[in-house]
Amino acid sequence: MGENYNLTSNERRNQILKRLIDGERISYQMLSEEFFVSRSSIANDIIYIKKLFAKEGLSLKFDNSGTYFDGSEVDIQRVLKRAVLSNVDQLQLVADLINVDLFQEIYESFILAIEKKKIDMPESYIQSIAVSILLIIERSKGGNAIVFDEHSKGSHDFLEFDQYPLVYELLKELEKKQIYQFSPEEVQYLTSLIIGSGFKFFVKEKNIPFSFRGKTRHLIQKISEGLQTDLTQDKRLEEDLIIHLYQLLLRVEAKSTVVNPLIDDIKQNYPTVYGVVWFSLNDFSKSYHVTFSEDEIGFVVIHIQAAIERISKLKKILFVCPNGIGTSSFVSAKITKILPDIDSVETISVNALNHMDLSEVDFIISTIDISVEGIKVVKISPLVTVNDMKNIMNHYIDLIVENDEKMMQGISISSKTAETIAKNILFGCFKEKNETLEYLIDKQPFENDELKQAFKQSVYDRETIQSTYLDNGFAIPHGNPTLVEKTNISVLILDKPIPWGNQKVDVVVLLMIREEDMKEVEEIMKLVMAGIKNKEWFITKMLEVKE
């Protein structure tokens, strides 16, 4: 075992991962002795690997003989794919997991093939497809081919197989180089991945089922209600989301992994939007019996945040000018040119300014010295010099940043939400998920036992389709809103973490929210996402509310 001496932590983790997917049972003591490191180092390695599996909704098992993984070849390739994609910019870190030279050859061949077909595809998706192709080739050559059933091939409900020959042409480029000969099942499986990543080229928008469009519109409406921001009139958002979600379903159906390199930044910078989108997608995913990873949720958040940015631009600029209509028209034209997103530039006199309602005004540009309480004033020359234009732009940027910072400032709980939560902040010790859910639901008021059992079953059904684990030990179980008579929110803080799917949970927030009270979601998700960042703060806040 001399070759295991003085390995880096990354090399050691790769070795342990390989042994797990090869079916070995491992123990901390055995690995500690083999790799000449402490048990605590091995424990950290196993924690890292567990998180890798958990990202794919998978978990390691253990018995008296040690820790092991019991999953299908599709599951194994998903975990390997995530490991590779997480280091795709530093492939040397995964050189002991894959053949890096073969990956580069596949990647470059695929790039050439899609360029010939003039297919526009995001770089991250190209990398994802190249890794999928690589793993199918390497694992199959090693005697670990995927055993395909109808589910692993992809859903016929979503896939347009009239484009199947075109996808085969892309893979044919690899066969010409004698890299690998794909079976019909492998081609069909990769078709799901490729069409799921280059959707606009393969399927026309008009071919998307009307029912799918309707579900997407309903999702946007639900997110709008949760964020208390109307996004339903944004046609660009609707069309972008229809295409993105259709792609997403294809990827999920094929059990394909797409790593979102921005996921940590998204959760950090847009926690409330992430929370509301996560909550709303739970219902959407239920319609198709699929599970969405946090990476996929993050991509949807980007679309939603872009729509929010489009409607949260500055409302109005006032131009105060005493020099007549000619000057005002000249300056207005200049302002509109450098700030094209401004809704309107209104020109007024100094006298009119003193009698005007300024509540809808973001900032004022003036050719004379004036002061207006609470509103920025930018003084410029009547000819609008280059320096004047820079000054306007700088104030505009400062105002945008200031508005964003205001949106991100401290979390407050409304008296209504505080009153709802106060009587339902609980502390307890439980051993498993169902026992915890029983306890929480049994504490809620229902008109009759039949209604309670129906709601309880809807909560269990949702957990079966997709775990309501969110992050950092928080789970947000919720059921069918049509079975909720009165909106209630319960918070259970556990003495010790309990298993929740493939994760551990010590804070459970049960949401019982009627459809007409969806606006309550924003505040509670903002609170939860803040708690995910700082659990100690969250618990302290709950104690304050309870008192």
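Lys116 is exposed, with a relative accessible area of 60%; exposed means over 50%, buried under 20% and partly exposed in between, using a 1.4 Å probe and protein chains only. This is a predicted model, where local features need pLDDT of at least 70, side-chain atom pairs count only at pLDDT 80 or more, and totals for chains, interfaces and linings use all residues. Residues are numbered from 1 along each chain as its sequence is written, and side-chain values use heavy atoms, leaving out hydrogens and water.

**Salt bridges**

- The structure holds 29 salt bridges. Each is a side-chain nitrogen of Lys or Arg within 4 Å of a carboxyl oxygen of Asp or Glu.
- Lys116 meets Glu173 in a salt bridge, 3.8 Å from N to O. The pair links distant parts of the chain: Glu173 sits in helix H8 (residues 164–176) and Lys116 in helix H5 (residues 100–116), 57 residues apart. Helices (H or I, at least four residues) and strands (E, at least two) are DSSP runs, numbered from the N terminus.
- Glu173 counts as partly exposed, at 21% relative accessibility.
- Salt bridges that share partners join Glu56, Asp75, Arg78, Arg82 and Asp295 into one network.
- Glu56 forms a salt bridge with Arg82, and their closest N and O atoms are 2.7 Å apart. Glu56 lies in the loop between helix H3 (39–55) and strand S1 (61–63), while Arg82 lies in helix H4 (residues 73–85), so the pair ties together parts that are 26 residues apart in sequence. Both Glu56 and Arg82 are buried.
- Lys61 forms a salt bridge with Asp70, with the closest N and O atoms 3.7 Å apart. Lys61 is partly exposed at 37% relative accessibility. Asp70 is exposed at 51%.

**The open sheet**

- An open sheet is formed by 5 strands in the order S7-S10-S11-S9-S8, with mixed pairing. Two strands pair if DSSP finds at least two bridges between them.
- Strand S7 (425–428) and strand S8 (469–471) stand at the edges, each with a single partner strand, so one side of each is left without a neighbour in the sheet.
- Strands S9 (residues 474–475) and S11 (residues 503–512) run parallel, joined by 2 bridges. Ala475 has Val508 as its bridge partner in S11.

**Around Trp500**

- Trp500 is found in strand S10. It counts as buried, at 0% relative accessibility.
- Trp500 touches residues including Lys433, Tyr469, Ala475 and Val508, not counting those up to four places away in sequence. Contact means heavy atoms within 4.5 Å.
- The C-alpha atoms of Trp500 and Lys433 are separated by 6.0 Å, though the two lie 67 residues apart along the chain.
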